[in-house]
Amino acid sequence: MYVKRYYSLWMTVRWSKKPLFYGLLYSAIIIAIYELTAIPFTLPWEPISVIGIAVAFYLGFKNNSSYDRTWEARKIWGAIVNDSRKFATAILTMIDSKEGQKHQVLKKEIVYRHIAWMLALKHVLRIKKSWEHDEDPEKLVFAPSFCGEFAAGLTAEVKKYLSDEEFVYFQSKGNIPSQILKRQSEEIERLKNDGLISDYKQVWLHQIISKLYDDQGMCERIKNFPLPRQYASTALWMNYVFCALIPFGLLNIFDQSTALHVWLTIPFSGLIIWIFFLMDKIGDYSENPFEAAYNDVPISSIARAVEIDLREMLDDTDIPGAYPVENGFMM
Amino acid sequence: MYVKRYYSLWMTVRWSKKPLFYGLLYSAIIIAIYELTAIPFTLPWEPISVIGIAVAFYLGFKNNSSYDRTWEARKIWGAIVNDSRKFATAILTMIDSKEGQKHQVLKKEIVYRHIAWMLALKHVLRIKKSWEHDEDPEKLVFAPSFCGEFAAGLTAEVKKYLSDEEFVYFQSKGNIPSQILKRQSEEIERLKNDGLISDYKQVWLHQIISKLYDDQGMCERIKNFPLPRQYASTALWMNYVFCALIPFGLLNIFDQSTALHVWLTIPFSGLIIWIFFLMDKIGDYSENPFEAAYNDVPISSIARAVEIDLREMLDDTDIPGAYPVENGFMM
Amino acid sequence: MYVKRYYSLWMTVRWSKKPLFYGLLYSAIIIAIYELTAIPFTLPWEPISVIGIAVAFYLGFKNNSSYDRTWEARKIWGAIVNDSRKFATAILTMIDSKEGQKHQVLKKEIVYRHIAWMLALKHVLRIKKSWEHDEDPEKLVFAPSFCGEFAAGLTAEVKKYLSDEEFVYFQSKGNIPSQILKRQSEEIERLKNDGLISDYKQVWLHQIISKLYDDQGMCERIKNFPLPRQYASTALWMNYVFCALIPFGLLNIFDQSTALHVWLTIPFSGLIIWIFFLMDKIGDYSENPFEAAYNDVPISSIARAVEIDLREMLDDTDIPGAYPVENGFMM
Amino acid sequence: MYVKRYYSLWMTVRWSKKPLFYGLLYSAIIIAIYELTAIPFTLPWEPISVIGIAVAFYLGFKNNSSYDRTWEARKIWGAIVNDSRKFATAILTMIDSKEGQKHQVLKKEIVYRHIAWMLALKHVLRIKKSWEHDEDPEKLVFAPSFCGEFAAGLTAEVKKYLSDEEFVYFQSKGNIPSQILKRQSEEIERLKNDGLISDYKQVWLHQIISKLYDDQGMCERIKNFPLPRQYASTALWMNYVFCALIPFGLLNIFDQSTALHVWLTIPFSGLIIWIFFLMDKIGDYSENPFEAAYNDVPISSIARAVEIDLREMLDDTDIPGAYPVENGFMM
Amino acid sequence: MYVKRYYSLWMTVRWSKKPLFYGLLYSAIIIAIYELTAIPFTLPWEPISVIGIAVAFYLGFKNNSSYDRTWEARKIWGAIVNDSRKFATAILTMIDSKEGQKHQVLKKEIVYRHIAWMLALKHVLRIKKSWEHDEDPEKLVFAPSFCGEFAAGLTAEVKKYLSDEEFVYFQSKGNIPSQILKRQSEEIERLKNDGLISDYKQVWLHQIISKLYDDQGMCERIKNFPLPRQYASTALWMNYVFCALIPFGLLNIFDQSTALHVWLTIPFSGLIIWIFFLMDKIGDYSENPFEAAYNDVPISSIARAVEIDLREMLDDTDIPGAYPVENGFMM
């Protein structure tokens with residue numbers, strides 16, 4: 001996530017330089033052929049503009065849907081924040097003291113396992129899917145801390161919050177976060193059997209764990225179900241068709257003016273092509289909010305904030321600092 | 001569901017070759033008649049473009065609604081994933097041990113019956129409706145595993161998770177998944193009567209079953225209630241009317257240029273007709289997310305993932321593998 | 001609800017024949033006067049097209065809202081299905097056996113009263129409102145079964161599921177379904193007082209009844225609160241204004257071509273008028289999803305499906321069949 | 001709320017006569033000056049039409065948002081209906097009999113206090129805000145019953161459902177409905193302390209009261225937070241700018257035809273101005289659904305319906321009739 | 001939040017004077033160069049209008065999203081109002097009397113700590129973010145009371161509702177509101193351990209605190225996650241491109257009329273540029289509803305209203321007055 005007020009024009013152009021360059025090149029080739037052969041292959045502008053409006057509609061729909069996906073992803077991680085705080089306070093304040101014992105070690109163990117769940121989920125969400133952009137996350141030069149974290153992987157972060165034996169067990173399973181939550185349920189069963197919580201509190205704790213299952217499942221839903229590819233593909237091909245027609249239409253218009261103007265077709269159609277591909281790219285880069293790229297929902301920062309918050313609740317001492325913002329990017 | 005980055009242009013064209021072909025043919029006939037008879041039956045472009053914008057609006061609305069249906073269907077199956085995990089952990093960790101017994105067999109039986117419910121629901125959702133596309137699911141050549149599964153039907157998959165006697169009983173009923181959930185409620189009543197769970201836990205388990213009823217009912221709602229046919233039909237007929245007018249309008253425009261241009265009406269109106277029918281088809285193929293076709297919500301894969309997850313929770317051994325992606329399609 | 005794939009073009013035209021006919025007639029009169037008097041009362045097309053786009057927006061908004069109303073109505077009845085199943089399984093599995101008794105009669109009575117509630121609600125929702133279409137439901141020739149059901153009325157269906165004395169009592173009240181639910185609460189109080197359910201289960205059962213109150217109240221909300229009439233009326237009058245201007249604008253365009261063309265104004269403006277009124281009618285007929293007409297949410301079928309499902313749970317024998325689809329209509 | 005099928009054209013025109021009149025007058029002045037001075041101050045139509053489309057978008061957005069506010073307001077009052085029924089049945093069926101007593105008086109008192117809460121809320125919501133229309137509600141000639149109710153005010157209606165002492169106490173507080181609900185909580189505490197309900201039921205009753213707090217708070221949110229004035233104002237000023245340009249643009253078009261036509265600018269631009277201001281007014285009058293005016297959500301009728309329903313549950317005798325519909329308006 | 005009916009035209013123009021001024025200046029420079037050099041660098045209007053429609057779409061999308069953010073922010077604070085009332089009534093009516101004691105001091109302490117939470121949250125939400133407008137909140141001349149409050153900061157308001165020792169403790173933590181809620185949970189644990197509430201009520205109180213965590217987390221989500229900057233930036237740069245082209249396009253149109261008209265390009269393109277930047281600014285200023293500026297959600301007033309309401313419930317005496325509206329602004 002970029003956190004400055006605006007992407008500069010320069011960054012925007014650099015980011016979308018390919019359609020701009022190819023748009024100009026394509027237009028130049030058309031005009032060159034036109035000038036050389038003098039074949040009047042221009043097209044009328046009116047029907048092209050109907051296609052243009054239809055394409056703008058379609059791109060608007062795609063941008064809207066992509067935005068909704070990103071926003072929903074952010075909402076889910078907001079829910080993870082809230083449910084983590086709920087779970088931690090429940091664990092910290094609902095276990096009955098027994099024979100003067102306050103069970104601090106036990107409580108800390110459960111809260112740590114919760115942090116492990118959250119961090120494992122974060123890493124699992126960043127495994128590449130076949131429909132995502134295939135840039136290598138380890139090459140995100142503007143966010144070196146994130147590259148380091150990504151390269152170190154799940155083990156480095158999750159291991160410190162779990163006992164070795166548990167960690168080995170979870171690694172043998174297909175869906176690690178799901179099995180961690182199952183383990184939490186078993187711990188709560190043990191609390192119940194040890195008489196530290198009542199039947200009633202067991203249910204309430206299981207209800208919070210159910211919310212965490214919801215949060216996890218909703219993340220997986222967004223991760224595993226792309227914007228339907230038929231929608232995305234149609235938008236792309238319609239955009240290509242529209243942009244392919246633009247120079248012919250503009251040529252028709254400029255051709256009717258004075259001679260000077262014909263060459264103006266090149267920059268002008270380059271500009272329109274650029275704008276339409278820019279609209280397409282915006283949607284395209286917001287579709288998958290967990291693809292380990294610059295426009296992602298910043299789940300590393302969010303997870304770190306929860307980590308700090310929960311460990312402050314435990315009155316821990318060696319708490320890590322907030323996740324760094326580097327070159328305007330928060331990951 | 002297609003899982004590659006984009007449908008290739010070639011796949012897109014092949015998928016929508018009928019409107020492209022008929023659009024070209026229709027335009028060619030119009031132009032041929034015009035050239036032969038020399039009757040000036042052209043139409044002005046301005047009012048046609050107003051119709052075109054209205055049609056684009058309408059198709060946009062239809063695409064939007066179809067997308068919402070698909071997305072809601074995916075959400076519901078996401079909820080099935082979450083609620084299945086909740087139910088399984090509840091069953092595994094909430095039944096009181098009695099006289100040292102852990103009731104593993106009983107727990108496994110209930111979790112298995114849950115998997116049976118989910119698989120039965122999957123099959124029931126794929127029975128054809130009168131408003132769905134009538135392609136035969138057994139001919140989906142790109143997804144042979146799915147064809148096999150579909151041909152084998154409900155019995156093959158569901159039977160392994162139920163006792164024979166139960167399976168026979170359920171087959172005598174109209175709505176199998178609904179009756180399986182009723183049976184789960186009876187099992188929970190039995191747990192209660194046997195003193196394995198408290199009154200309170202019985203209610204919580206019934207609340208989870210209520211959620212499963214919600215999930216099932218929401219699937220049935222989308223399956224049994226199409227996009228209202230008056231909306232779908234109007235979009236179709238308006239599109240036909242608009243496309244029927246296009247060659248007349250373009251003829252009018254090209255006719256005012258040099259002679260060479262009149263024949264350009266054919267490819268150009270073929271292109272516009274193709275784009276508008278492409279927009280229509282996209283919506284049309286996303287309307288019914290459970291019709292056992294390529295653009296469905298991939299409920300076979302989702303169900304398989306849940307099956308694996310739950311059986312890992314049971315520490316089962318002969319767990320099936322993930323559902324295969326074949327030729328880019330996940331079913 | 002129509003359940004075939006598409007309304008045929010013929011059905012669509014027949015359904016909207018009035019605007020088509022009057023559109024053609026009106027255009028013909030305009031052209032006739034123009035030809036006879038030779039007064040140049042044409043109007044420029046450009047500003048008319050701005051009005052046209054504004055009207056298309058407005059109709060799009062209206063169609064969208066109407067669709068949302070229909071879809072919400074369907075969702076509510078989906079919730080009625082789910083909550084009915086929940087309530088029935090709760091009644092069937094949560095009442096404690098006492099002295100070996102299983103209380104089958106009592107359970108059946110409560111489930112039957114629930115079916116009575118649902119059927120009463122169905123009938124109450126179909127009483128005509130002043131803003132609904134005033135076609136007589138008993139004349140829906142394509143759906144004879146429904147006509148019979150409607151003519152027989154609430155009493156015929158509801159009475160079989162209630163004792164006579166109760167039925168008489170409910171008839172003396174203003175809102176029958178609401179009073180049936182109150183009676184259910186009293187029955188549950190009686191179960192509690194007789195020691196058949198605990199305090200805790202009483203609350204859970206009351207929570208399910210609260211959901212049923214929600215479902216009922218949401219139906220009543222859609223039934224009793226139309227799409228605000230100022231929105232509907234403005235769309236209508238704007239559409240009339242736009243359509244009244246169309247022939248003048250087309251005349252202007254055709255007039256500038258050869259003589260042959262002037263008469264083309266008639267079919268062409270008839271066509272545009274027809275399309276815009278068609279868009280208006282689609283919204284208009286989806287606004288009120290419970291008006292006992294062809295495009296309603298099919299609450300008779302849904303209610304029947306629930307009736308079957310619940311009675312199968314009771315292992316009843318003389319269960320009615322599914323509601324018939326007649327001439328493509330499901331009511 | 002208007003409850004007939006459509007506002008007649010005449011009512012629509014009378015309601016929006018000011019923009020129609022001033023639109024015609026303004027256009028006439030422009031044309032008169034043009035004719036007298038012969039200065040060619042016309043403007044090209046193309047850019048005006050781009051502004052027009054932008055304005056239509058903006059008005060569409062505003063209408064949409066206003067509609068959403070009205071619809072949400074109606075939903076909240078629907079929830080008040082549902083939650084009132086829940087609360088009343090809970091009070092009527094959850095209080096344990098003690099020593100043969102059924103506590104009818106006590107139950108009636110609590111239900112009556114609930115009705116008082118609802119009626120007090122209704123009156124509080126109709127106090128004018130600085131951004132609402134400032135017509136005097138006592139002058140709504142088409143709805144005389146409502147005028148009477150409004151003039152009589154909160155005291156007249158609320159007092160009959162409360163003891164004198166309580167009423168005086170509530171009047172000393174800032175937010176009367178909020179304090180009534182607090183009193184209900186205290187009553188429920190008293191029931192608990194008197195052993196008439198268990199701990200568990202106290203919580204459930206407090207949960208229903210929490211829902212009522214939600215309902216009240218949601219009404220207050222819509223009442224106290226207008227559609228942000230920057231949105232509303234921009235729509236207004238953009239509309240003025242667009243309408244101010246219309247005659248100049250039309251003049252340009254008509255001027256290019258025969259002399260007869262120039263005067264046609266006046267009715268034609270009057271018509272377009274009227275349509276755009278009509279679109280603006282529709283949104284404007286739906287923004288504030290509780291301003292005690294004709295297009296309000298009909299909270300008097302809804303409140304009356306609940307009053308009747310609850311008192312029927314109490315088997316009261318002198319129950320008031322349904323709220324009257326007068327001249328097509330339901331308030 | 002502005003609370004008068006409309007921003008006056010003068011206020012609107014003053015607020016957006018920069019784009020108006022630069023728009024006029026830019027157009028004037030273009031025209032001057034054109035007149036001096038006589039180079040025919042005009043551009044055709046048709047393709048510019050396609051860009052204009054695409055930009056209008058995009059700005060519409062941005063305005064919509066911004067509005068949704070503001071409205072969601074208001075909803076969350078509405079939920080804070082409701083949940084505060086729930087929490088206060090729960091504390092006031094659910095603690096069992098013990099040995100005749102009513103625990104008034106204890107109750108007051110908890111309710112006061114709740115007010116401290118709310119006020120702390122208010123202040124935390126107003127700390128500037130890197131993507132927000134960087135006007136200094138202490139210079140909001142139209143709202144002097146707010147400036148004072150902002151300058152005094154968190155300590156001044158929060159300290160009076162907390163004991164000194166607690167306040168010092170909270171200041172050592174990263175997220176103060178979060179830690180206050182944790183403390184509330186500990187207090188409730190103490191109530192439980194002292195036998196003042198049952199196990200069951202502890203859970204219900206923790207559920208209300210969970211709701212407060214939700215409310216807080218949702219505020220933080222909107223505060224910490226801007227409208228994705230790629231969307232906002234693209235809208236801005238597209239708008240610049242479109243506005244840069246406008247004078248060239250208008251010049252083309254005016255150039256084809258009489259000489260007098262060329263200079264009209266200046267005011268006319270200034271006007272269009274102003275309208276498009278006005279649309280952009282509206283969205284821009286609603287994006288961040290907690291940036292301590294004029295168009296914010298009025299959280300100071302809302303918090304004050306809750307403060308009054310809760311202290312009235314405590315029958316406090318020195319209750320502060322409602323938050324002042326100054327110069328039409330409510331903060």
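Which ring has R229(E) lying over its face? In this predicted model, where local features need pLDDT of at least 70, side-chain atom pairs count only at pLDDT 80 or more and totals for chains, interfaces and linings use all residues, the ring is that of Y6(A), with R229(E) at 5.7 Å from the ring centre. A charge sits over a ring if NZ of Lys or CZ of Arg is within 6 Å of the ring centre and within 35 degrees of the ring normal. R229(D) likewise lies over the face of Y6(E), at 5.7 Å from the ring centre. Side-chain values use heavy atoms, with hydrogens and water left out, residues are numbered from 1 along each chain as its sequence is written, and chains are lettered from A in the order in which they are written.

Now for rings facing rings. Over all chains there are 105 aromatic pairs (rings of Phe, Tyr and Trp, the last by its six-membered ring, with centres within 6.5 Å; planes under 30 degrees apart are stacked, over 60 edge-to-face, the rest tilted). One of them is the tilted pair of Y200(C) and Y200(D), 4.5 Å centre to centre with 55 degrees between the planes. Each partner lies in helix α8 (residues 199-224) of its own chain, so this pair joins chains C and D; helices are DSSP runs of H or I, at least four residues, numbered from the N terminus. Y200(C) is buried at 13% relative accessibility, and Y200(D) is buried at 13% too (buried means under 20% relative accessible area, exposed over 50%, partly exposed in between, with a 1.4 Å probe and protein chains only).

In chain E, Y112(E) and Y161(E) are edge-to-face because their planes stand at 80 degrees, with centres 4.9 Å apart. Y112(E) sits in helix α4 (residues 104-125) and Y161(E) in the loop between α5 (144-158) and α6 (164-171), 49 residues apart. Both Y112(E) and Y161(E) are buried.

Notes: Helices (H or I, at least four residues) and strands (E, at least two) are DSSP runs, numbered from the N terminus.
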